[in-house]
Number of protein chains: 2
Amino acid sequence: MPKISNRGENAPASPIRKLVPFAEAAKKRGVTVYHLNIGQPDILTPEIGMKAVREADIKVLEYSHSAGIESYRRKLADFYGTYGIQLTHNDIIVTNGGSEALMFAMMTCMDHGDELIVPEPFYANYNGFAESLGIVIKTITAKIETGFALPPVSEFEKVISDKTKGILICHPGNPTGYLYSKEELLALGEIVKKHNLFLFSDEVYRDFIYDGCEHTSVLSLPGLDENTIMIDSVSKRYSACGARIGVLVTKNKEVYAAAMKFAQARLSPSTLGQILSEALCETPKSYFDEVKKEYDKRRMIVVNRLKAMQGVVTPTPNGAFYVMIQLPIDDSDKFCQWLLESFEHNKQTLMMAPGTGFYATDGLGKQEARLAYVLNEKDLHAAMDCLEQALKVYPGRTVNATADSKVN
Amino acid sequence: MPKISNRGENAPASPIRKLVPFAEAAKKRGVTVYHLNIGQPDILTPEIGMKAVREADIKVLEYSHSAGIESYRRKLADFYGTYGIQLTHNDIIVTNGGSEALMFAMMTCMDHGDELIVPEPFYANYNGFAESLGIVIKTITAKIETGFALPPVSEFEKVISDKTKGILICHPGNPTGYLYSKEELLALGEIVKKHNLFLFSDEVYRDFIYDGCEHTSVLSLPGLDENTIMIDSVSKRYSACGARIGVLVTKNKEVYAAAMKFAQARLSPSTLGQILSEALCETPKSYFDEVKKEYDKRRMIVVNRLKAMQGVVTPTPNGAFYVMIQLPIDDSDKFCQWLLESFEHNKQTLMMAPGTGFYATDGLGKQEARLAYVLNEKDLHAAMDCLEQALKVYPGRTVNATADSKVN
């Protein structure tokens, strides 16, 4: 039997999805499972999107332009313009989700064996993309004690080698919800300038910013047009994950031209997804205001409930819809499995994403877990009730020294 | 300025699309351009597909399962069952077009530096996928004199090295239209068994078979379950290229599990595309009969017109909707550009894909071009009129020795 590839063997299984069989078994036992483990929002997709799809006069469902439908790209340029990002449609490649945009960015800028610096904890699927392309992820560790702020520049300098080709940030962060400040971004800008690196910024949660904060895109940073590549998607913005429509945006013409060759090889992104996404550009601002208000409410429910739990460390995230917490437990993989396998509270339990999957450094994240606050108020409270009870009876409970030092 | 990757630099620009600016210029001059250069059919997409999309009750456009919607995979298993291919839905991963399926197959089975044998001429985009993954394409040359039949086994043995991990065929072939016989497939089966290789089969044109011939999938070959991976797509089957829905199918459980890790990393294929494609499974057999009849008519128009042109060598293809021909010209890239730039016949001209883009071996394909017979009868005749006239006046016309030896 022929052997599969090393990359196929080494690619990590999704840390978020590997608990699925245990959740299914719990449901079969009649236990309600609150899914705080995945970023599938329950928010309605604006009706204007499906309306456009329904009304589209499609006799032949054709390929689109490999860079995406031009009228859609023009509307996207206008959309980013409202955030002060000056673009033309020729800076944009429409992709099969943010995932493909990131793949294109990586393959366009980095070769096999090249190194990419990523602050950890980071979105676990970056591992799969890097592994498939032979790209080596080097991490510097953001600490829960600082709310997962950007580690100091000196930490980056320590891991930069002659193999380093880029830095990848998720902004605001999945799993941390951390929103980089303009100062932090300018510091990153200086590093990439000094070492001649690319700065990849995954900004798929750019529309979910709280506490009156503002999102600064890497594309707005002065003097960095040649270094910056932005990844975005309609998945979270319009609660349209199934559209599989993302974008790669760069003002670097060489990067754009090379990425287009890979885009042409796969012909085009989904035509129906683009028709939907183009119509969604007309979504009124009031939609975002309402959605943000709703998430903000959920965020504060989760954060306040967590902060009230003894031994739990909960930074208050300023963006996205995740919170990464530290728990008074021996091992988050064990704990998350135990929640599904051996625990129930009023015939209910919750599913979280164990922290270990978001770290590349062995041993990190063992006391951490990611929660996605994508459920309604009532369900979130019920899930928090479960967690609170679970921590009281979990056999692997430990004393959390960090929590005791009152970082909360 | 940071440097793009070698793979980004080396990835070939699409040979099919690079003439686009010349076509656009011709149109601006008021010249009608018949597009025989791309495989975008004009056949109507069965209405049942868009009907399902229009009627879908979608409040939140969610991610689907990473392997694709289960009910769709079950229908696909049934569909292949009608062709005698025994599958379950757990042998199928739904992908963003056949392109992504091929990417997954390559990254799952092959590492950076591994060699893939592909009979040339081959679908030009294989180069882009291989380049992005660091896979080295080794070719053996199929000859127009044999109608692009599978080269003898001895030719494969000559290029197999300890780096060889697989053989990739397009069956029936793009650009050749060649349909491999069962005997040829069995011979391939013996090679892959003997050398412990994977056999990747791109069967996206499997529904377009003429002259009473039958298509044998590699999945039907006895004793090869561990070696074979089939790539397919709804793009051509239902004239639904814009759906971007393909599949990777394999009974090798190790390959399936590893490919699923890459599928999970990119979350899911297009939900709307899957709703459309699932409904298209109900397309009546009469649709295929009619479409095949239409293509067959077009095929014979093109083949007969070409065979009547002096110095043109035209194998009669048994599958797909392409024909790869040899022309009495100095250079097909020059000729195809000249057709758009300097030639017109009754204010009309045609666009073809130069042969060179389909060969990896330098110098091959210079007298060849690929024609896609995806236009209606009248337009095809008009395009053939143009080609006939063009060959009479093209300054780079040569004497074609092959044609003179009456291979036609």
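Contact is taken here to mean heavy atoms within 4.5 Å. By this criterion, in a predicted model, 79 residues of chain B are in contact with 79 residues of chain A. Residues are numbered from 1 along each chain as its sequence is written, and chains are lettered from A in the order in which they are written. Because the model is predicted, local features need pLDDT of at least 70 and side-chain atom pairs count only at pLDDT 80 or more, whereas totals for chains, interfaces and linings use all residues; side-chain values rest on heavy atoms, with hydrogens and water left out.

The size of an interface is often given as the accessible area lost when the parts come together. Between chain B and chain A the buried area (the accessible area, with a 1.4 Å probe, that two parts lose on being put together, summed over both) is about 6500 Å², and carbon and sulfur atoms give 57% of this area. Pro2(B), Arg7(B) and Tyr63(B) supply 11% of the area that chain B buries against chain A, more than any other three residues.

With a salt bridge defined as a side-chain nitrogen of Lys or Arg within 4 Å of a carboxyl oxygen of Asp or Glu, the count between chain B and chain A is 0. Polar contacts (pairs of N or O atoms within 3.5 Å; within protein, one must be able to donate a hydrogen and the other to accept it, and residues adjacent in sequence count only if both atoms are side-chain atoms) join 41 residue pairs between the two chains, both residues being at pLDDT 80 or more. Among helices (DSSP runs of H or I, at least four residues, numbered from the N terminus), α10(B) gives the most to the side of chain B that touches chain A, with 7 residues.

Over all chains, the structure holds 54 salt bridges. One of them pairs Lys75(A) with Glu282(A) at 3.9 Å, N to O; Lys75(A) lies in helix α4 and Glu282(A) in the loop between α11 and α12 of chain A, so the pair ties together parts that are 207 residues apart in sequence. In chain B, Lys75(B) forms a salt bridge with Glu278(B), the closest N and O atoms being 3.1 Å apart, and this pair links helix α4 to helix α11 across 203 residues. Relative accessible area (1.4 Å probe, protein chains only) is classed as buried under 20%, exposed over 50% and partly exposed in between; Lys75(B), at 30%, is partly exposed, while Glu278(B), at 14%, is buried.

Notes:
Helix = DSSP H or I, 4+ residues; strand = E, 2+ residues; numbered from the N terminus.
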